[in-house]
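The sequence and coordinates come first.

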Amino acid sequence: MRDLYQGQRAMRQMRRAAMARGVIAVLDIGTSKMSCMVLQFDGPGQFREEDGVGPMAGQSNFRVIGAATTQSRGMRFGEIGTMAETERAVRTVVSAAQKRAGVRVDHVIACLSGARPASYGLAGEIPLASGKCAEHDVAAVLAACNVPDFGRGREVLHAQPVNFAIDGRSGLADPRDHVGNRLSVDMHALTIDGDAAGNLVHCIRRCDLELAGVASAAYVAGRAALVEDEQELGGACIDMGGGVTGVSIFVKKHMIFADAVRMGGELVTQDITRGLRVPTTVAEWLKTRHGGIEATGRDDREMIEVGGETGDWEHDRRTVSRADLIGIMRPRVEEILDEVRVVLDAAGFEHMPSRQIVLTGGGSQIPGLETLAARILGQNVRIGRPLRINGLAQEMTTPGHAATVGLALFAAHPQDEWWDFEMPLESHGVRSLRRAVRWFRANW
Amino acid sequence: MQELTRPGRSADWRGRPPPARPVGARPQPRAGTARRDPAPSRLAYRLHRIWLTPVYRRVLRVGLPGFALAMVVGLYLADESRRAELSGGVTAMIEKIQTRDEFMVRTMTIEGASPVVDKGLRAMLPVTLPASSFDIDLSALRTQVMKLDAVEKIELRIRPGGILSAVVTERTPALLWRHAGGIELLDAGGHRVASATARDVRPDLPMIAGEGAAAHTVEALALFEAAGPILPRLRGLQRMGERRWDVVLDDGQRIMLPERRPVQALEEAVGLHRRHDLLSRDVAVIDLRNGDRPALRLGLTAQNTLRRARGKPELGPDGRVSEPGDDKTAGAAGQGGSGQTTRPAETG
């Protein structure tokens with residue numbers, strides 16, 4: 001725990017250094033695509049009221065000065081499969097974004113969608129000696145959380161205090177200076193596979209970049225796609241990526257649960273490849289251009305030329321109807337959504353006050369997905385586009401870039417995590433030494 | 001009702017075309033050769049990052065070309081003979097342009113100058129014609145020419161066709177001024193025009209004398225104007241004590257004018273002369289310095305006549321009472337200006 005704490009603190013220091021320099025890059029490493037944005041922090045007040053730029057949800061202190069997207073390589077299920085290939089893809093996308101921005105970036109904040117995230121709710125409680133909650137009490141209660149056994153090789157990615165309570169007064173966002181006898185906290189911890197995280201760190205290092213933060217893709221996609229009310233009242237964000245479908249649940253502006261289903265859009269492409277016996281590129285093209293969920297009678301008549309270059313005329317001149325395509329895609333999408341439903345049920349989503357579900361990610365662009373999702377997941381379903389941020393290109397406003405935009409928001413305004421508070425000195429040796437120093441100072 | 005549920009495929013059902021759906025380009029089949037890896041190599045990536053670093057960028061884009069340029073120029077100019085060649089070339093080029101036919105001045109025309117001034121002007125020109133117009137400093141020449149007293153104004157210009165044209169306005173002498181250093185000709189403004197050897201050189205000009213007379217030439221000219229009938233007898237004006245004028249007439253008579261309003265005083269004296277024929281009598285001095293009380297100084301003959309009539313002894317030419325029997329000398333000494341003033345003798 002202490003090593004992790006130090007590592008995360010080091011990353012926070014790096015982020016602060018990057019903010020001081022004014023330029024930071026965010027890197028979304030997905031299974032099917034990789035996107036990078038270079039952010040410039042100019043400080044607040046670069047726009048006036050009469051410029052027509054509103055406060056932009058508090059995101060007006062930075063702007064995107066360069067962005068690039070490339071096809072992902074060497075990734076499977078949101079994890080790094082082939083290190084060298086992934087490194088090349090990272091180099092490509094970072095180089096392109098740097099070129100567009102015209103500046104060199106040294107610090108990067110990355111997000112990872114896979115690596116088997118697991119969510120834990122932790123609770124801690126301490127007595128308040130002074131009868132009043134001070135800054136170090138908050139740190140002490142966070143350190144006093146009873147940590148379950150995460151398992152071998154697990155790393156804590158997020159550890160966010162969700163709720164504070166003092167003497168039964170629960171729901172406090174900031175307990176400082178409250179009067180009371182006992183302080184308790186509910187903390188949400190998200191762990192991922194340590195090896196996958198280590199691979200990511202190594203890959204970023206190989207590209208001469210400093211890692212200034214790591215985030216879960218499901219979490220940052222939720223921050224970008226859910227509007228403020230949905231985050232406050234309760235909502236789930238389903239980030240339908242290429243290899244992994246991430247699920248994150250927000251309430252009171254805090255993430256309380258996150259998980260990932262190891263199925264995504266590439267599985268749909270794979271089904272089309274197998275079902276229609278076409279190459280992967282053609283299957284991807286069929287999915288994105290002609291794909292759908294709801295078949296109508298007219299789709300039987302719409303014939304799509306599949307093509308091919310085997311030399312066999314009969315094979316190369318094949319046509320498939322759109323209804324066939326939909327017939328292949330729909331069961332797989334249904335299966336993904338069923339899995340999501342299982343995850344949501346396990347999280348107790350039906351007990352939430354507001355059960356808004358927001359579908360985002362590249363997979364959410366399948367026509368007719370809303371109807372299907374409403375049937376499987378619940379009535380309140382919408383497709384979420386990322387928040388508009390300053391300088392974002394039109395091509396980056398699609399649902400597929402929700403995680404990238406969310407990462408930019410995360411870089412600008414990270415929520416409080418456990419490592420943002422000073423860890424209380426536990427070891428007896430340090431404490432007694434400090435006491436000795438104090439005694440010397442007082443007496444001489 | 002049976003038409004609505006038609007079993008099987010009918011002809012018009014099949015004939016309807018599928019809906020037009022805008023589709024993107026079908027993915028191109030892969031070329032035979034392997035595609036180039038779009039990712040930059042590690043070296044290219046690092047070089048690109050170095051290129052984007054501001055310090056390196058500035059050094060490579062400004063510093064290096066600047067250094068190379070300075071190096072080449074420095075190496076070229078390190079040799080003494082090259083430097084001399086370069087400066088000689090530049091000088092030759094300047095010389096060549098300045099001595100072009102268009103810039104040459106060949107002749108000098110002088111208008112409105114007397115022969116003396118003309119000669120002086122030509123001598124003052126610093127270069128011998130023909131010369132380049134770049135070598136002739138017109139303003140310096142002008143200030144030099146303006147030092148000549150005879151020249152009041154000069155317009156110098158280089159006209160097209162290589163002509164240096166000088167339009168000279170000379171001063172016209174209006175007065176002669178006799179002072180300790182000799183006789184000078186003055187213009188109406190009191191500026192020296194030339195020196196004169198004698199009064200006879202310009203008998204047409206009136207004469208003034210005394211220290212500081214040149215500064216009041218306007219007043220002097222006004223006085224000559226006002227003299228009127230006594231002008232033929234007028235010898236000149238004398239500045240007294242750098243303060244006021246004396247009018248000197250031909251037989252030693254003087255009209256002493258006041259410091260202020262001398263012209264009116266002279267007109268008054270002329271009026272006296274008209275009425276009483278004053279100046280034809282033996283009056284040595286008419287003193288008008290006090291405007292309320294003009295005074296006359298009689299000549300010796302007149303004094304002696306008066307004394308004789310009163311039965312007093314006559315005065316000698318030195319102004320003293322002479323012995324009786326010296327009548328002859330007393331009568332001849334009428335010219336003396338040092339006679340004793342008797343006032344009030346006569347009022348006009």
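Predicted model: local features only at pLDDT ≥ 70, side-chain atom pairs only at ≥ 80, totals over all residues.

In helix H13 of chain A, the buried residues are A:Ala402, A:Ala403, A:Thr404, A:Val405, A:Gly406, A:Leu407, A:Ala408, A:Leu409, A:Phe410 and A:Ala411. The helix spans residues 402-412 and is mostly covered, with 10 of its 11 residues buried.

**Nonpolar cores**

The largest nonpolar core contains 123 residues, and A:Ala25 and A:Ala110 have the most contacts inside it. Helix H11 of chain A (residues 322-347) gives the most to this core, contributing 10 residues. A second core of 28 residues is separate and includes B:Leu185, B:Leu186, B:Leu237 and B:Val247.

Leaving aside residues up to four places away in sequence, A:Ala25 touches A:Cys36, A:Met37 and A:Val38, and also A:Val94, A:Ala97, A:Val105, A:His107 and A:Val108.

**Packing of two helices in chain A**

Helix H7 of chain A (residues 265-276) packs against H11(A) at an angle of about 140°, and the two axes are 9 Å apart. H7(A) is therefore oblique to H11(A); the cut-off for roughly antiparallel is over 145 degrees. The crossing of H7(A) past H11(A) is right-handed. On the H7(A) side, the residues that meet H11(A) are A:Leu267, A:Val268, A:Asp271, A:Ile272 and A:Gly275. Their counterparts in H11(A) are A:Leu325, A:Ile328, A:Met329, A:Arg332 and A:Val333.

**A sheet in chain B**

Chain B has an open sheet of three strands, ordered E2-E5-E4, with mixed pairing. E2 and E4 are the edge strands, each pairing on one side only. From one strand to the next, the twist averages 15°. Strands of a sheet pair through backbone hydrogen bonds, in either a parallel or an antiparallel sense. For E2(B) and E5(B) the sense is parallel, over five bridges. B:Thr107 stands opposite B:Ile163 in E5(B).

| E2(B) | 107-111 |
| E5(B) | 163-170 |
| E4(B) | 151-159 |

**One exposed position in chain B**

B:Glu225 lies in helix H7 of chain B, which covers residues 217-227. Is B:Glu225 buried or exposed? B:Glu225 is exposed, because 12 other C-beta atoms lie within 10 Å, and a residue counts as exposed at 12 or fewer. The C-alpha atom of B:Glu225 is separated by 9.1 Å from that of B:Val263, a residue 38 places away along the chain.

Note on methods. Residues numbered from 1 in each chain as written. Chains lettered and ligands numbered in written order. Core = buried A, V, L, I, M, F, W, Y, C linked by C-beta atoms within 7 Å. Buried ≥ 20, exposed ≤ 12 C-beta atoms within 10 Å, placed from the backbone. Helix = DSSP H or I, 4+ residues; strand = E, 2+ residues; numbered from the N terminus. Contact = placed C-beta atoms within 7 Å. Pairing = 2+ DSSP bridges. Axes fitted to C-alpha atoms, helices over the stretch in contact; angles between N-to-C directions. Parallel < 35°, antiparallel > 145°, perpendicular 65-115°, else oblique. Left-handed = near helix turned anticlockwise from the far one by under 90°.
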